[in-house]
Amino acid sequence: MLWFEGSIPDAINLAKQRGSVFVVVITDQDDQSAQLISSWEDDTVSEEAENCCVAIQVDAKSEPCVQFSQIYPVVCVPSSFFIGENGIPLEVIAGSVSAEELLKRFSRVKQMHAQQIGGGAVLLEASGPVEASPLDGTAPVPAPAMPVRSDTESAAVPQTAKASLSNTVADSSLPATVTPAENASSDHAAESEGNLEATVERLTKKLEERRGQKKKGEEEKAIKAEVERRKMGKDVLDLKKKQEGDRTKRLLDERNKEKAEEKAARDRVKQQIALVSSSVSHVCPT
């Protein structure tokens, strides 16, 4: 089975260019999806699909499936959507089916698709013989040789010729009836093309919106991460400053304590010297 490898909008454009049916097969990782893919991979089904379809396989959990389901609701997985020229589903197959059943659905879808894109052509073909009017030719039509007739027969000739001329003139006006059919065919083709273009435009718009939302979410996530990083950096810096302040205070306290101990030691030495001097003066009076 030759699956289209690009995006859904690209597949729609290719189907439009080829005049083919656009097929979307929604699958998952379950047994029914595997059976459905096996049916699609059947040689006969593959050959039939390649002749009349542009088929794309989409994962049920993927972003393209979410976008597709916003236009064509996906109520069952697996599912197969056959979408026609005007963007309207021709057939939707819910669940897994056999290769034989797929071929039956193909036959019905091809008939419906042919009616969509060939309805105007059928009308023109049906009206084709009217265009072969004797008055359309440029070469003169020779008058038939007329035998000698009696008076009664001669009187009847003008009436016959008049009736023939009336019929010829009436026939010559019939090709004008082809114009409404042509207009209807042109209008139908333009409407189908407009519907398909509108579908492509909606899908493209949805895709752009999703991309914009994703980009915006990523930007918001990046901003949030940057704010968290800066907040964490500020907290770490504040912690370092606090630790440095505590260390400085501890060093000052230790220095002040050492100074106080040194001063106390000097005071004790001075007191001891004073006591010794006083004792010496008492023992040896002058």
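Cys-76 counts as partly exposed, at 25% relative accessibility. On this scale, buried means under 20% relative accessible area, exposed over 50%, and partly exposed in between (1.4 Å probe, protein chains only). The model is a predicted one: local features need pLDDT of at least 70, side-chain atom pairs count only at pLDDT 80 or more, and totals for chains, interfaces and linings use all residues. Residues are numbered from 1 along each chain as its sequence is written, and side-chain values use heavy atoms, with hydrogens and water left out.

Cys-52 counts as buried, at 13% relative accessibility. Its sulfur lies 3.4 Å from the closest cysteine sulfur, that of Cys-53, which is too far for a bond. The structure holds 0 disulfides, a disulfide being a pair of cysteine sulfur atoms within 2.5 Å.

Nonpolar cores were examined next. A nonpolar core is a set of buried Ala, Val, Leu, Ile, Met, Phe, Trp, Tyr and Cys residues joined through side-chain atoms within 4.5 Å. The largest has 20 residues. Val-21, Val-23, Val-25, Trp-40, Phe-82 and Phe-106 have the most contacts inside it. Two or more residues come from each of β1 (21–27), α2 (31–40), α3 (43–52), β2 (53–59), β4 (89–94) and α5 (99–126). Helices (H or I, at least four residues) and strands (E, at least two) are DSSP runs, numbered from the N terminus. Helix α5 gives the most to this core, with 4 residues. Apart from this core lies another, of 17 residues, among them Ile-8, Ile-26, Ile-56 and Ile-83.

Contact means heavy atoms within 4.5 Å. Leaving aside residues up to four places away in sequence, Phe-106 touches Trp-40, Val-45, Glu-48, Ala-49, Cys-52, Cys-53 and Phe-82.

Helix α1 spans residues 8–18. Its buried residues are Ile-8, Pro-9, Ala-11, Ile-12 and Ala-15. These cover an arc of only 160 degrees around the axis, which puts them on the same side of α1. The arc is that of the directions from the helix axis to the C-beta atoms. The face turned away from the buried side of α1 carries the exposed residues Gln-17 and Arg-18.

Gly-19 follows α1, and its phi is positive, near 70 degrees. Ser-20 is found in the loop between α1 and β1. At 11% relative accessibility, Ser-20 counts as buried. Ser-20 touches Ala-15, Cys-52, Cys-53, Val-54 and His-113, again not counting residues up to four places away in sequence.
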